Protein chains: 2
Amino acid sequence: MGFDTLRWNNGVLELLDQTKLPDHVVYVACNDSHDVIRAIRTMVVRGAPAIGVAAAYGVALAAKELAGEANSVAFNDALATACDEVSQARPTAVNLAWAVNRMREVHRANSAGGPHAVAESLLREAIQMHRRDVESNEAIGRHGAALVPRAARILTHCNAGALATAGFGTALGVIRAAFSVDPSITVIADETRPLLQGARLTAWELIADGIPTTLITDNMSGFLMAKGEIDLVVVGADRVAANGDVANKIGTYMVAVLAARHRIPFYVACPWSTVDMATARGDEIVVEERSPDEVMGFGSTKWAPRGVGVRNPAFDVTPAELVTALITDRGIVRHPSRETLSILAQRD
Amino acid sequence: MGFDTLRWNNGVLELLDQTKLPDHVVYVACNDSHDVIRAIRTMVVRGAPAIGVAAAYGVALAAKELAGEANSVAFNDALATACDEVSQARPTAVNLAWAVNRMREVHRANSAGGPHAVAESLLREAIQMHRRDVESNEAIGRHGAALVPRAARILTHCNAGALATAGFGTALGVIRAAFSVDPSITVIADETRPLLQGARLTAWELIADGIPTTLITDNMSGFLMAKGEIDLVVVGADRVAANGDVANKIGTYMVAVLAARHRIPFYVACPWSTVDMATARGDEIVVEERSPDEVMGFGSTKWAPRGVGVRNPAFDVTPAELVTALITDRGIVRHPSRETLSILAQRD
């Protein structure tokens with residue numbers, strides 16, 4: 001790939017600043033956990049898996065700094081505080097909490113060895129988490145690439161890419177893997193209002209990798225499908241319910257409905273960890289509404305009149321019946337349902 | 001209504017400057033045909049019917065100016081030149097050419113009376129064209145309002161409003177007429193990328209009239225339909241084919257497909273003059289692609305990376321099977337088809 005979302009470089013975590021894309025490719029150096037917290041808070045790094053791995057490095061950086069300064073008791077207390085701080089960098093990020101909890105376990109398991117041993121084991125864990133996320137995406141890519149026909153014109157929505165993960169991406173991992181064996185595939189990217197992750201991030205990262213990409217607004221995919229110019233759709237997922245319903249970025253549902261009308265395969269690519277067998281159906285998922293400012297314009301540019309109401313749901317739910325297959329690191333689940341998902345779930 | 005799209009005021013055509021909305025409500029005074037041409041060219045006035053009426057006033061202004069200065073022969077020549085100039089203000093606007101041709105006919109029919117008589121008859125014609133367009137929209141509104149249930153939550157796309165016509169609007173005419181008898185109706189407006197006519201114009205003109213309006217991005221209407229928060233859809237049309245297929249602003253087709261899935265009535269409101277019995281089916285209509293710049297950002301703000309391809313179809317075609325009814329000034333056509341449309345066509 002032509003860039004790293006995050007990289008560990010000689011004791012420093014370097015994060016590609018996603019707030020500056022696509023105009024500037026700049027890395028932010030994080031020397032301690034406070035730098036990492038700031039980067040997560042200001043969305044220098046975004047995407048649930050990427051945030052989780054950045055948080056793990058943040059805890060490792062805190063441990064390294066504290067190990068040089070304190071006795072074991074003070075070290076343990078200070079590290080616990082650092083973990084709390086990192087885990088609160090963004091309130092509702094599930095992967096963030098999960099990653100920090102994993103680091104707390106490693107801390108506990110190694111605390112008998114003293115601060116330096118703990119710091120070393122935490123850094124090893126962060127590096128492993130980073131590597132595992134990339135491997136999981138590469139597995140998704142491998143499985144998914146087999147579903148992509150020759151010279152396919154692939155529609156994707158939002159950014160389920162290397163920029164949202166520790167590297168390679170989920171939906172874009174499938175595209176990368178397919179492109180590596182068939183350079184005649186092309187991508188159509190929805191711009192993905194209101195935050196424009198498709199225009200700003202997906203288009204940028206695919207072009208950076210030399211994959212031909214065409215940008216459209218969110219209301220154009222139906223036109224292209226009707227013209228026979230889209231062969232398959234692949235998107236990521238925020239959460240998959242036990243019955244196969246998929247919560248993902250707002251607009252995913254409309255794309256899925258149009259794909260079904262035109263008999264175009266609609267694939268959802270995500271690590272198995274995104275499948276939540278504790279959520280029975282998609283309609284149990286509470287949809288967060290974000291700030292009206294995002295819909296009134298973009299950034300500092302506002303174009304809507306004062307006095308208008310705004311709705312801004314962050315994601316929607318696509319019913320399982322519209323999903324041709326789920327592409328996970330554990331393999332492909334065709335026609336996801338409680339029955340088909342239960343089989344893979346038992347591999348835990 | 002709280003504003004005029006265009007108004008004839010003491011020998012001056014005043015146009016609401018739509019390029020300044022919604023931030024500023026400013027009228028541009030047109031004292032001669034060159035002012036009108038400039039206003040059409042720079043999109044101070046837009047929307048096919050509004051352009052047509054503005055062009056008619058432009059010809060009337062030219063005739064008035066020329067009548068004071070020249071003999072009959074010179075007047076006729078100069079006025080013919082002015083008609084040519086006005087008709088070329090925008091190359092592909094059908095209503096513009098139609099309106100100027102109508103003015104040429106009036107010129108011919110009255111030329112025996114001399115320059116002053118011609119100028120007077122042309123002004124009368126422009127005023128009548130203006131009044132007839134508003135009356136046509138009011139008839140559309142009257143017919144359409146009968147289809148709107150109590151407290152309906154109505155989705156509309158783009159701007160088929162007073163701002164696109166000489167006043168009142170087509171789709172928004174239906175909404176205005178319904179609101180006048182039931183102030184509990186509410187509107188959801190798609191922002192309508194790339195040019196954001198929904199956010200900038202529809203939201204502005206409905207709020208100006210006190211009609212409660214909620215703005216969403218184009219990828220959110222499916223979510224609201226799935227939640228049961230939309231009761232009907234009404235949009236305008238650029239052209240209706242003889243079989244009932246509807247060409248309208250890009251994104252209309254996706255809304256129609258989602259409405260059908262959720263069994264929500266999908267209405268198209270337009271004057272009968274928009275029905276083109278010479279076009280057999282929607283797939284005969286050539287879809288114009290506009291500048292990539294519009295999709296790369298908005299106005300001077302650009303957010304897409306260099307090197308990305310862009311598609312920018314200006315409109316799409318909604319097949320007749322998805323249209324619950326066509327609402328015209330001649331009446332309502334349920335399930336539009338060659339058969340049902342032929343009946344109204346015979347009223348010519």
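Mentor: Gladly! Keep in mind that this is a predicted model.

Trainee: At what angle do the axes of helix α5 and helix α6 of chain A cross, and within what distance do they come?

Mentor: The crossing is at roughly 60°, and the axes come within 7 Å. Helix α5 covers residues 115–145 and helix α6 covers residues 171–181. As for handedness, α5(A) passes α6(A) in a right-handed crossing.

Trainee: Which residues in α5(A) and α6(A) meet?

Mentor: From α5(A) come A:I140, A:G141, A:R142, A:G144 and A:A145, and they meet A:G173, A:V174, A:A177 and A:A178 in α6(A). Sorted by class, this contact has five nonpolar, three polar and one charged residues.

Trainee: Now the wider setting. How many helices and strands does chain A have?

Mentor: There are 11 helices and 17 strands in chain A. Of its 348 residues, 59% are buried. Sequence separation is worth a look too: among contacts between residues at least 6 apart in sequence, 73% join residues at least 24 apart.

Trainee: What does the radius of gyration of chain A agree with?

Mentor: A compact globule with 348 residues would have a value near 20 Å, and chain A has 21 Å, so the two agree. Along the principal axes, the C-alpha atoms of chain A fill a box of roughly 70 × 50 × 40 Å.

Conventions:
Residues numbered from 1 in each chain as written. Chains lettered and ligands numbered in written order. Predicted model: local features only at pLDDT ≥ 70, side-chain atom pairs only at ≥ 80, totals over all residues. Heavy atoms only, no water. Axes fitted to C-alpha atoms, helices over the stretch in contact; angles between N-to-C directions. Helix = DSSP H or I, 4+ residues; strand = E, 2+ residues; numbered from the N terminus. Left-handed = near helix turned anticlockwise from the far one by under 90°. Contact = heavy atoms within 4.5 Å. Nonpolar A, V, L, I, M, F, W, Y, C, P; charged D, E, K, R; others polar. Rg over C-alpha atoms; globule rule 2.2 N^0.38 Å. Buried < 20%, exposed > 50% of the residue type's maximum accessible area, 1.4 Å probe, protein only.
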